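Thanks for coming. I will go through a few places in one structure, and you can follow along on the screen.

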Amino acid sequence: MSAPIRLALVGMGKIAHDQHLPAIAGNSDIELVATVSRHGEPVNGLPFFPNVEALAAGGVAVDAVALCTPPQVRRAIAQFAIEQGWHVFLEKPPGATLAEVTALQAAATARGVSLFASWHSRYADGVEPARAWLAGREVRRATITWREDVRVWHPGQEWIWEPGGFGVFDPGINALSIATRILPRPFFVETAELDVPSNRAAPIAARVAFRDTAGSEVVMDLDFRQEGPQHWDIEVVTDAGTLLLAKGGSVLTIDGAEALAHDADLHGEYPGLYRRFAEIVRAGESDVDVAPLRLVADAFLRGRHIAVEPFVE
């Protein structure tokens with residue numbers, strides 16, 4: 001049996017504690033050897049460093065890093081890690097721009113290390129069954145509804161409102177990661193309306209119209225102001241019935257009949273991400289799909305910005 005991949009976790013915010021640490025603990029192919037953060041405390045008595053430069057100088061044997069920092073600062077950290085010969089796991093979105101991710105991919109290839117642009121929502125239990133069901137059917141229309149309360153899911157995270165922070169497209173890119181996986185044809189941005197609070201630099205809501213290569217419409221409704229029930233749903237109308245992926249891809253129904261359901265507390269997406277990361281590291285490969293990021297970039301390029309009332313947390 002191969003020795004575990006010695007991994008340092010970089011950026012110890014909410015996602016690192018809620019998702020990464022439990023997934024790493026449950027994976028025998030990954031061994032957490034250090035954590036890195038400007039703030040916080042050591043985890044389980046492991047070595048703790050303020051930055052990756054200190055990690056590299058600290059004498060801890062590291063094979064890989066998982067980067068959970070905001071996207072605006074991730075490229076420089078990933079580039080440094082690649083230069084050390086470390087494999088790199090990128091939280092979503094993989095970078096603040098497409099050019100950054102392309103440059104990292106080239107650097108990883110040149111250095112001979114693995115780069116993983118992770119899309120956790122693709123690992124929800126309903127996604128692959130949905131992809132298989134849609135593969136043999138004609139898609140007529142798809143509707144994406146991704147509405148959540150930013151105060152609940154991103155409390156105090158000011159970076160999300162800054163340039164490169166994506167605003168409502170931070171969760172919205174999860175929907176696009178699923179849609180680009182399950183829909184059988186590529187689709188493109190036609191129009192977009194982005195609601196931007198007058199005191200912020202990133203949108204709080206968006207409506208985007210796409211069309212696929214056969215002319216079928218895909219529409220997306222994103223909103224960070226949702227109170228009450230949260231909505232993470234993708235509905236696809238086909239020639240053979242209607243598919244609904246609900247609850248972020250974890251519940252699949254066909255024509256109203258439940259085809260798949262799972263308990264997210266028992267399964268979850270991040271264990272799948274770490275299994276995939278270990279797989280590509282062992283195989284000496286990379287996995288970098290920028291399709292969801294490209295669609296977000298296109299929405300910003302083609303989008304009409306609409307000023308709305310200030311957002312106060």
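This is a predicted model: local features need pLDDT of at least 70, side-chain atom pairs count only at pLDDT 80 or more; totals for chains, interfaces and linings use all residues.

A polar atom of its side chain lies 3.1 Å from the backbone nitrogen of A96. E100 sits in helix α4, which covers residues 98-111. A salt bridge needs the nitrogen within 4 Å of the carboxyl oxygen. Leaving aside residues up to four places away in sequence, E100 touches P71, R75 and G95.

R75 takes us to helix α3. Residues R75, A78, Q79, I82 and E83 of α3 meet E100, L104, A107, A108 and R111 of α4. The axes of the two helices, α3 being residues 74-83, come within 10 Å and cross at roughly 5°. The helices α3 and α4 are therefore roughly parallel to each other.

Next, S286. This residue is in the loop between α8 (270-283) and α9 (291-302). S286 is partly exposed, at 32% relative accessible area. Its side chain reaches the backbone nitrogen of L115 at 2.9 Å. Apart from residues up to four places away in sequence, S286 touches V113, S114, L115 and I280. The C-alpha atom of S286 is 9.6 Å from that of G112, and 174 residues separate the two along the chain.

Now the charged pairs. How many salt bridges does the structure hold? There are 20. One of them joins the side chains of E138 and R185, at 3.2 Å from N to O. E138 is in the loop between α5 and β7 and R185 in the loop between α7 and β8, so the pair ties together parts 47 residues apart in sequence. R185 counts as buried at 18% relative accessibility, while E138 is partly exposed at 36%.

Another pair is E193 and R207, whose closest N and O atoms are 3.1 Å apart. E193 lies in strand β8 and R207 in strand β9, so this pair ties together parts 14 residues apart in sequence. Both residues also belong to a network of salt bridges whose members include R147, D195 and R304.

Last, R276 and E279 meet in a salt bridge at 2.6 Å, N to O. Both lie in helix α8, 3 residues apart, about one turn of the helix.

Conventions:
Residues are numbered from 1 along each chain as its sequence is written. Side-chain values use heavy atoms; hydrogens and water are left out. Helices (H or I, at least four residues) and strands (E, at least two) are DSSP runs, numbered from the N terminus. A polar contact is a pair of N or O atoms within 3.5 Å; within protein, one must be able to donate a hydrogen and the other to accept it, and residues adjacent in sequence count only if both atoms are side-chain atoms. Contact means heavy atoms within 4.5 Å. Axes are lines fitted to C-alpha atoms, for helices over the stretch in contact, and angles run from 0 to 180 degrees between N-to-C directions. Angles under 35 degrees count as roughly parallel, over 145 as roughly antiparallel, 65 to 115 as roughly perpendicular and the rest as oblique. Buried means under 20% relative accessible area, exposed over 50%, partly exposed in between (1.4 Å probe, protein chains only).
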